[in-house]
Amino acid sequence: MNRKYISGLLFFAGMCCLQQSYAQKNEASITLRFQYIANDKPLVLADSTYTNAFGEQYTITKLKFYISNPRFIVKEKNNKEASVFLIDAAGDDSISFKAPAGEYSKLMFSIGVDSALNSSGAQAGALDPLNGMFWTWNSGYVYFKMEGYSPSSTADLKRMEYHIGGYMQPNNASREISLALDKTITLNKADHQEILINLNLDKYWQSVNDIKIASNPLIMVPGSLAKKASENFPAMFQIATLH
Amino acid sequence: MKYKVIISFLFFAAASLVIISATRNDGYGPYKPTYLPFNIPKGWPKPTVNYFAKNRLTEEGFQLGKKLFYDGRLSSDGQVSCASCHQSFGAFATFDHDLSHGVKNTFTTRNAPALMNLAWMTKFHWDGGVNHLEVQPLGPLTAPNEMGQSLDTVISYLKNDTSYRRMFIAAFGDANISSQRMLRALAQFTGSLITANSKYDKVMNGQDTFSNFEKKGYDLFKLNCAACHKEPLFTDNSFRNNGMALNRFADEGRKKITGLPGDSLKFKVPSLRNIQLTYPYMHDGSIFSVPQVIDHYISGINVNQPGLDSVLKKPILLSKLQKNQITYFLYTLTDTAFTKNPRFNPDAPVYYNH
């Protein structure tokens, strides 16, 4: 009887430990919040007019993009966990993920969707084709979608549409964003860290490459143009504040 | 002390039972799908991609896919279903039509490909723009000259229909009706459309014999056609420029997808199975009979066409008799057990808007 009592006790102790490890993993929760800036002013959709580096005026009606695999880097060791989020300037502007407790000096994520997820059939959640970010006639995801109008556009109705995507080499448009934190942060178990990130549209038009509305008001297919536009993504993102 | 342990155990067991049954019961009984095997015909290669690894074939998933396939209410005018252009009696191509009809009296710009042995394909459409069996229906569902419907409308229609609700529960275990599940059910149906029971197959399996005429046609076929139309699928699934000139839609085929100038006028090599039923032929349905297709390869090719496939640069020389022999061999690829299979045919008569 004694032995049975002990084994029962051990069983319950085991169950409790298991529960605890689920409830309190040694990790902190992180929120990345995005704010959109153009000409040093906050972006207002379908309203304000902005000017790019080439003096071309434009308004934005839609801005949506995928963030994949957000993570902190510990001494260049990559704790990559596959995840994907859809950010919409007219909707959800933040994402949340978990990171193991530790000291961090760099934040990384991708603008894009892992190649494998572009070609492995029907997806759900952020990647549901209902979100309007999947090309039906040329399978694959639009990674970054920006639409609006510009007097410099030669397209119908002065439209400008940038649907930047493509998972096949040599024109893969997914870009890794690496943001150094201005100070090393220590995340303890159950901490909550919020990071505000600026998306500076001025850099979309000019950083590594020049994207002129007059020459390319529409980029709607994967290819070398989409790749060129995607090469400007890394310069668009800066950390505004660490809370 | 002992009874406390026993009671705790009993409580734990009861709690687990409640949790397990609650996750799978929506008032329609427990989730018990009938799993189906995916049978590879004798002597065939294994499919490159296993489409049913994550999307396991079940009778319930297949039946849901079949209902979706034959349902015209998925389209914007309520009349165009997948089956409108993929007709069972035409080996799931559009019978006797160069181009298919979409909603509001529209035409497509390409000939509807036959849906058969899709599980052996890794790229879909004449230009290979679709990279997985599951995502293929997104094109025709939303194209304005096909079913012309938004995906949101399709999903909300399915959510508001009690028979679909019941069938989604039977196929997937709960009432979550999502685009992913709809597409997976459709893939279970379309991926099951296997044709491997023609006279040719029976001859290969030793159950039948070719006539002398068919046998001569088979030998000529192997010499002149099999480089691209590879047995046993009668396609190597490659994209090739077969000497068809740029058509009135300025359709450059594969180039539209890859952006590569070298891919101009490349189209997918279609399977020749059931060729007797899939006329007219070529990506735009511009050739109406098998002998005329053979004529194209004998004398219709512009040998100076840039990018012409290298296997077609050497002329194919066939007499009228030989042409007929090849034609009669190709007719041995007709599989009526496939086209008339009640499992693939609609349970009730279908209205074809053609």
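A pocket is an open set of points on a 1 Å grid over the protein atoms alone, with protein on both sides within 12 Å along at least five of seven lines; its lining residues have an atom within 4 Å of a point. Grid points are joined across faces, edges and corners, and a volume is the space filled by probe spheres set on the points. The model is predicted, so local features need pLDDT of at least 70 and side-chain atom pairs pLDDT 80 or more, while totals for chains, interfaces and linings use all residues. Residues are numbered from 1 along each chain, chains are lettered from A in the order written, and side-chain values use heavy atoms, without hydrogens or water.

The second largest pocket has a volume of about 370 Å³. Its lining comprises 18 residues. B:Pro37, B:Asn39, B:Ser192, B:Ile194 and B:Phe344 lie nearest the centre.

The largest nonpolar core holds 106 residues. Such a core joins buried (under 20% relative accessible area, 1.4 Å probe, protein chains only) Ala, Val, Leu, Ile, Met, Phe, Trp, Tyr and Cys residues through side-chain atoms within 4.5 Å. A:Phe72, A:Phe109, A:Tyr204, A:Phe237, B:Leu158 and B:Met182 touch the most other members. A:Phe237 is in contact (heavy atoms within 4.5 Å) with residues beyond four places in sequence, including A:Phe34, A:Phe65 and A:Asn198. Another core, of 26 residues, lies apart and includes B:Met244 and B:Phe329.

B:Thr94 is buried, at 2% relative accessibility. The B:Thr94 side chain reaches the backbone oxygen of B:Cys85 at 2.7 Å. The side chain of B:Ser100 makes a polar contact with that of B:Thr94 at 2.8 Å. A polar contact pairs N or O atoms within 3.5 Å; within protein, one must be able to donate a hydrogen and the other to accept it, and residues adjacent in sequence count only if both atoms are side-chain atoms.

Key:
Buried means under 20% relative accessible area, exposed over 50%, partly exposed in between (1.4 Å probe, protein chains only). On a 1 Å grid over the protein atoms alone, a cavity is a set of points where a 1.4 Å probe fits but cannot get out, and a pocket is an open set with protein on both sides within 12 Å along at least five of seven lines; lining residues have an atom within 4 Å of a point.
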